[in-house]
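Visitor: I have a structure open on my screen and would like to learn how to read it. Could you take me through it feature by feature?

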Amino acid sequence: MPINWYPGHMARARRLLSEQLSRVDAVVELCDARMPHASRNPDLDALCRSKKRILILNKSDLAEPGLTSAWLSYFARQGVEAMAYSSVSGRAKDVFARIERAVRPEVERQAARGVKKTVRVMVVGVPNVGKSTFINRLHGGAIAKTGDRPGVTRANQWVRVTPYLELLDTPGLLWPRLDDQTAARRLCYIGTIRDQVVDHQMLAIHLLEDLMDSAPEAAMQRFRLKEPCEGGLALLENACRGRGWLLPGGVLDTDRGASVILDEFRAGKLGRMTLERPPRAKAGPTDRAKEQAKEDTADAKGPEGTPSGDHAD
């Protein structure tokens, strides 16, 4: 199921973002905490490289806490300022504190000149990671348009959230080529790519396979699967049997099943789960030397831990 999508308004969104970058002091990037790799636009690294940036693992209330912590540790090792957040229940002051820390040098420089600076922050991310909901949470009311489909925000919108802090809500931005088809499918799971351009049943099958790999017990319980089965259409059919998605005459309603599976995942009804694990850290010279020393020690010992060639009395 090859997936590629870069409509005309994406090019316009990229242009608008580039034009506004010179007017902001920092960038807040949102990704989906359930898939922190797939839901990040790699082009933002180059576009925003001259700005202080904070990465928000949004929807952390839907992600598995242990894996969220692992991702935060991974980003810290990469030198990325990151935090977990829920736009439903998170505290605005936690985000304000991160922004304040990021822009403190410039604010203090302006204060030394007798200027009370208004900080301007751009909020970016792929479609449907919750940018507008995030801004509404910080503002304390519904001021940015929200929706459960991509493309709701079609133009830049400035929002004043405190007397000296303004946020710029931007349209969701994808990158031109979705070469990583696994990442592309995961973007479809959260509605980043319009449902009209993908095969619903195949997408639901891939999602079920991902769930059976990352959270098998939760998936089996939610879809009432009696035992693990092979992937593909058989997995979707078993979910339809388990949940009773049937047409007259007992025919399996796979269309309905596919739609409900996707809707329930997007709404967080499947429980807290994360589909991606952070990459393993590459061993440095010191780490490799330690591993080699362990291997050498093991080779020098017999099966019971005694030196090779010696025998305990």
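Predicted model: local features only at pLDDT ≥ 70, side-chain atom pairs only at ≥ 80, totals over all residues.

Visitor: Let's begin with charges. How many salt bridges are there?

Guide: A salt bridge is read from the distance between a side-chain nitrogen of Lys or Arg and a carboxyl oxygen of Asp or Glu, with a cut-off of 4 Å. By that rule the count here is 16. One of them joins Arg34 to Asp32, with 2.9 Å between the closest N and O atoms.

Visitor: Are Arg34 and Asp32 buried or exposed?

Guide: The cut-off for buried is under 20% relative accessible area. Arg34 has a relative accessibility of 2%, so Arg34 counts as buried. Asp32, at 0%, is buried as well.

Visitor: Which parts of the chain does the pair of Glu81 and Arg98 link?

Guide: Glu81 and Arg98 form a salt bridge whose closest N and O atoms are 2.9 Å apart. Glu81 sits in the loop between α3 and β3, while Arg98 belongs to helix α4, and the two are 17 residues apart. Glu81 is partly exposed, at 28% relative accessible area, and Arg98 is partly exposed too, at 23%.

Visitor: Where do Arg243 and Glu264 lie?

Guide: Arg243 is in helix α9 and Glu264 in helix α10, 21 residues apart, so this pair links distant parts of the chain. The closest N and O atoms of their salt bridge are 2.7 Å apart. Arg243 counts as buried at 18% relative accessibility, and Glu264 counts as buried at 9%.

Visitor: Which residues are linked in a network of salt bridges?

Guide: Salt bridges can share residues, and then you follow the links from one to the next. Here Glu29, Arg40, Asp45 and Arg53 are joined in such a network. Glu29 lies in strand β1 and is buried, with a relative accessible area of 1%. The side chain of Glu29 also makes a polar contact with the side chain of Arg40, at 3.0 Å. Beyond its neighbours within four places in sequence, Glu29 is in contact with residues including Arg53, Ile54, Leu55 and Val124.

Visitor: What does Cys31 touch, leaving aside its neighbours within four places in sequence?

Guide: A contact list shows which parts of the chain meet around a residue. For Cys31 the list is Pro36, Ser39, Arg40, Leu55, Ile56, Leu57, Asn58 and Val129. Cys31 is in strand β1, which covers residues 26-32, and has 0% relative accessibility, so Cys31 counts as buried.

Visitor: Where is Ala33 placed?

Guide: Ala33 is in the loop between β1 and α2. Ala33 is buried, with a relative accessible area of 1%. Its C-alpha atom is 8.7 Å from that of Glu64, 31 residues apart along the chain. Leaving aside neighbours within four places, the contacts of Ala33 include Leu57, Asn58, Ala63 and Thr274.

Visitor: What does Leu211 touch?

Guide: Not counting residues up to four places away in sequence, Leu211 touches Pro216, Ala219, Phe223, Phe265, Leu270, Met273 and Leu275.

Visitor: Which helices do the buried residues of α7 pack against?

Guide: In an α-helix, residues three or four places apart point the same way, because there are 3.6 residues a turn. In α7 the buried residues include Leu203, Leu207, Asp210 and Leu211. The buried residues of α7 pack against α6, α8, α9 and α10.

Visitor: What span should the 15 residues of α7 have?

Guide: At 1.5 Å a residue, α7 should span 21 Å, and its end C-alpha atoms are 21 Å apart, which agrees. Asp199 caps the N-terminal end of α7, with a side-chain oxygen 3.0 Å from the backbone nitrogen of Gln201.

Methods:
Residues numbered from 1 in each chain as written. Heavy atoms only, no water. Buried < 20%, exposed > 50% of the residue type's maximum accessible area, 1.4 Å probe, protein only. Helix = DSSP H or I, 4+ residues; strand = E, 2+ residues; numbered from the N terminus. Contact = heavy atoms within 4.5 Å. Expected span 1.5 Å × (residues − 1). Polar contact = N/O pair within 3.5 Å; in protein donor to acceptor, adjacent residues only side chain to side chain.
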